[in-house]
Amino acid sequence: MDEKSARARNPRIEALRLAAIVGIAVFHTFQPWFGALTDGSWGAGPATRTALGCVSLLGTYGNHVFFLISGFFLVPRAVEAARDAGYWPAQARAIVRRALPILATVALYAAVALAVSSWVIPIEGVSAHETGWLVGGLQFVWVYLAVIALAPAIGWAWARLSHPRALVATIAVAALLANAYIAFVSPGDEVRSLLEWRKLMSAASYLVAFLVGGALADLDLGPLSRALVPLVLVAVAIEAIAGIGGDLRLLEALSFKSTSALSFLLAVASLARAAQSPGTSWSSRPARTCRTLARSTLGFYVAQSMFCELWRPPLTQLATASLPYGEGAFLAAGIVASIVLLALFFTFDQLVRLPALRLAHLA
């Protein structure tokens, strides 16, 4: 098997997708609690402050992982194809092939959400007369779709640059510095318009992750992969300093929205570790399970957003009910509930969305 085939069939990358979506699920469960902690409306002990600080890194970490993996595969393909005749028509067809499953996923879950809200139980904000749940609630999905559409232009430019990786490194450093300024100096208002520059930096940060993913392809990732464990220890240490010291502003800044440098660096090192020699084949049961489940990550992301008003209240009540038994019980209850929710959405996705996409020849 050649290097590119090994990269494309690496079970560890599929496992990384699953780790990323688990992190996102846990992050979303504890998001209200972290908000209450950092705005001072809820007091927690040092250990819980530290734990929630670490959990708050997971949301951005997971999002960066998805963009990094996409860039890792799509940018090299586009660069290689950019030397062939008929590049733009072929790339236009590729964009359509990649966009249709995403759009079909949103359409299917939107139809299910509308049906549930109309005939089973009302879902706040979900109706045919509102757009917020389809636009603002799915911002990550639309940014992902936009970046995928830009892949051909990126590949065409990449193939014509003398030092594309140096340019990507410069862009990444500039983005990290801008994000540090936003997080630690000028976070702006709590509610941002879609065109507010800090809001746009969120999308730009994900585009940078896509570019960095492309830059990692075909490199010796050994040194970078070995940085993962030290980075994890540094991240936990920094969160512990903020949590034990009760520095709520620092806790918030360390994982501020999608501008977290810690999350970005952890995601880069995670991809480098996963992209190493797989060490197993798709014939093994764990590898096949990872590949099967990883196909539902998009479905979970969309469904979790659309049905947020249904799942969040009971999970919040569960966490509240567990607090009298200690903050350890509170954290455990939230994590277990997140995994149960993930399993429920994954089951629906495996039984409904994926078969529907196969019937429509979109999967």
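View 1. Buried here means under 20% relative accessible area, exposed means over 50%, and partly exposed lies in between (1.4 Å probe, protein chains only). This is a predicted model, in which local features need pLDDT of at least 70 and side-chain atom pairs count only at pLDDT 80 or more, while totals for chains, interfaces and linings use all residues. Residues are numbered from 1 along each chain as its sequence is written, and side-chain values use heavy atoms, with hydrogens and water left out. Thr-297 belongs to helix α13, which spans residues 297-306; helices (H or I, at least four residues) and strands (E, at least two) are DSSP runs numbered from the N terminus. The side chain of Thr-297 reaches the backbone oxygen of Ala-294 at 3.0 Å.

**View 2. The side chain of Gln-304 makes a polar contact with the side chain of His-28 at 2.6 Å.** A polar contact is a pair of N or O atoms within 3.5 Å; within protein, one must be able to donate a hydrogen and the other to accept it, and residues adjacent in sequence count only if both atoms are side-chain atoms. Gln-304 is found in helix α13, and its relative accessibility of 2% is why Gln-304 counts as buried.

**View 3. Glu-14 and Arg-17 meet through their side chains in a salt bridge, at 3.2 Å from N to O.** A salt bridge is a side-chain nitrogen of Lys or Arg within 4 Å of a carboxyl oxygen of Asp or Glu, and a search of the whole structure finds three of them. Glu-14 and Arg-17 both lie in helix α2 (residues 11-38), where they are three residues apart, about one turn of the helix. Glu-14 is buried at a relative accessible area of 13%, and Arg-17 is buried at 19%.

**View 4. Asp-349 and Arg-353 form a salt bridge whose closest N and O atoms are 2.5 Å apart.** Both residues lie in helix α15 (residues 327-359), four residues apart, about one turn of the helix. With a relative accessible area of 0%, Asp-349 is buried, and Arg-353 is buried as well, with a value of 3%. For residues 328-348, UniProt gives the feature "transmembrane region" in an unreviewed entry; such annotations may be inferred rather than shown by experiment, feature names are shortened, and positions are given in the numbering used here. Over residues 328-348 the chain is 100% helix and 0% strand, with the end C-alpha atoms 31 Å apart.

**View 5. Glu-196 forms a salt bridge with Arg-198, with the closest N and O atoms 2.3 Å apart.** Both Glu-196 and Arg-198 are buried. Trp-197, by contrast, counts as partly exposed because its relative accessibility is 40%, and Trp-197 is placed in helix α7 (residues 197-216).

**View 6. Tyr-181, Phe-184, Val-185 and Trp-197 form a nonpolar patch on the surface.** Together these four residues have about 430 Å² of accessible area, a value from the Shrake-Rupley method with a 1.4 Å probe, in which, for residues, only the protein chains shown count as cover. Patches are made of residues with over 30% relative accessible area and no salt bridge, like charges being joined within 9 Å and nonpolar side chains (Val, Leu, Ile, Met, Phe, Trp, Tyr) within 5 Å.
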